[in-house]
Amino acid sequence: MKGFRELEFDLSAALLAELIELFDEMKPQTLTEANADRIPNGQGVYQLFLADELVYVGKTDAKAGLADRLVRHARKISSRLNLDPAKVSFRAVRIYVFTPMDLERLLIDHYSVYAKPAWNNSGFGANDPGRKRDHTALKKGHFDALYPIDLHVPVAFERARVRSAASVLSQLKAQLPFNIRYQCDPSNSTLPHPELLAASVRLARRSPTAQDALSSVAKAMGTRWQITKLSGYVIVYRERRRYTHGLRIR
């Protein structure tokens with residue numbers, strides 16, 4: 001027909017090919033908060049490497065932001081056993097026009113031809129799973145099972161040597177790169193439990209570790225309360241329970 005032609009353009013394939021070419025041209029950068037913070041906070045895709053092995057492929061929209069997401073990942077790996085943060089690096093590509101296609105899945109499928117990225121679908125990017133999952137046993141390949149949290153990291157507190165248990169837990173929660181979930185007031189879920197507010201904690205050291213601080217809280221709260229270190233986070237509840245994959249802090 002005169003004046004008419006058809007064009008079938010595979011946008012997904014074209015974008016994927018260009019992304020792969022861009023990634024291949026880049027040298028990975030060590031994943032630190034400082035390095036991640038230099039990345040624009042736009043939408044895009046990124047890769048994480050452990051000792052030069054691709055372990056994670058992720059994407060983020062403009063609201064979450066590449067920089068914020070990479071900083072969060074940098075914090076997560078900073079206090080983990082069996083994992084040297086200096087061996088973790090990243091590559092990132094900002095994309096100005098984001099189509100509805102699942103770029104993350106396309107990239108994972110592409111690289112999985114050689115070896116599936118180990119941290120994808122391993123719980124690496126997950127948030128706090130919530131109270132109902134505290135007793136769930138982790139699979140062997142789960143990120144938190146392979147690289148459990150390290151409580152022997154230094155923390156800093158205000159000069160006062162005596163403070164409430166709630167204050168200690170709140171300050172720990174703000175500093176540590178993993179979550180500390182503690183029981184709230186039954187009548188107001190935005191406030192700590194009244195017993196946490198009432199209990200006085202005396203820190204034994206001027207420069208304690210997270211383990212030292214939690215042990216001091218456990219001592220102040222007595223036997224009705226329990227602090228449990230799980231693989232990926234810490235919980236503080238008025239309970240007496242046994243967690244098969246948890247360690248009670250005394």
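Trainee: Which residue in β11 is the bridge partner of Asn179?
Mentor: That's Tyr233. Before we go on, this is a predicted model, where local features need pLDDT of at least 70, side-chain atom pairs count only at pLDDT 80 or more, and totals for chains, interfaces and linings use all residues. Residues are numbered from 1 along each chain as its sequence is written, and side-chain values use heavy atoms, with hydrogens and water left out.

Trainee: OK, and what do the strand labels mean?
Mentor: Helices (H or I, at least four residues) and strands (E, at least two) are DSSP runs, numbered from the N terminus. Two strands pair if DSSP finds at least two bridges between them.

Trainee: What order do the strands of the open sheet have?
Mentor: The order is β6-β11-β10-β12, four strands with mixed pairing. Strands β6 and β12 are at the edges with a single partner strand each, so one side of each has no neighbour in the sheet. The twist averages 25° from one strand to the next; angles run from 0 to 180 degrees between N-to-C directions, and axes are lines fitted to C-alpha atoms, for helices over the stretch in contact.

Trainee: Which pairs are parallel or antiparallel?
Mentor: β6 (residues 179–182) and β11 run parallel, joined by four bridges. β10 (residues 226–229) runs antiparallel to β11, also with four bridges, and those two form a hairpin with three residues between them. Three bridges join β10 to β12, and that pair is antiparallel.

Trainee: New topic. Which residues touch the most other members in the largest nonpolar core?
Mentor: Leu172, Ile180, Leu196 and Leu214, out of 29 residues. A nonpolar core is a set of buried Ala, Val, Leu, Ile, Met, Phe, Trp, Tyr and Cys residues joined through side-chain atoms within 4.5 Å. α6 (165–175), β6, α8 (210–221) and β11 each supply at least two residues, and α8 gives the most, with six.

Trainee: What does Leu214 touch?
Mentor: Leaving aside neighbours within four places in sequence, Leu214 is in contact (heavy atoms within 4.5 Å) with several residues, including Leu151, Leu169, Ile227 and Val234. Apart from that core lies another, of 20 residues, Trp119 and Tyr147 among them.

Trainee: Last one: how do α1 and α4 cross?
Mentor: The axes of α1 (residues 11–25) and α4 (residues 103–112) come within 11 Å and cross at roughly 65°. Residues making the contact include Leu15 and Phe23 of α1 and Leu106 and Tyr111 of α4.

Methods
Buried means under 20% relative accessible area, exposed over 50%, partly exposed in between (1.4 Å probe, protein chains only).
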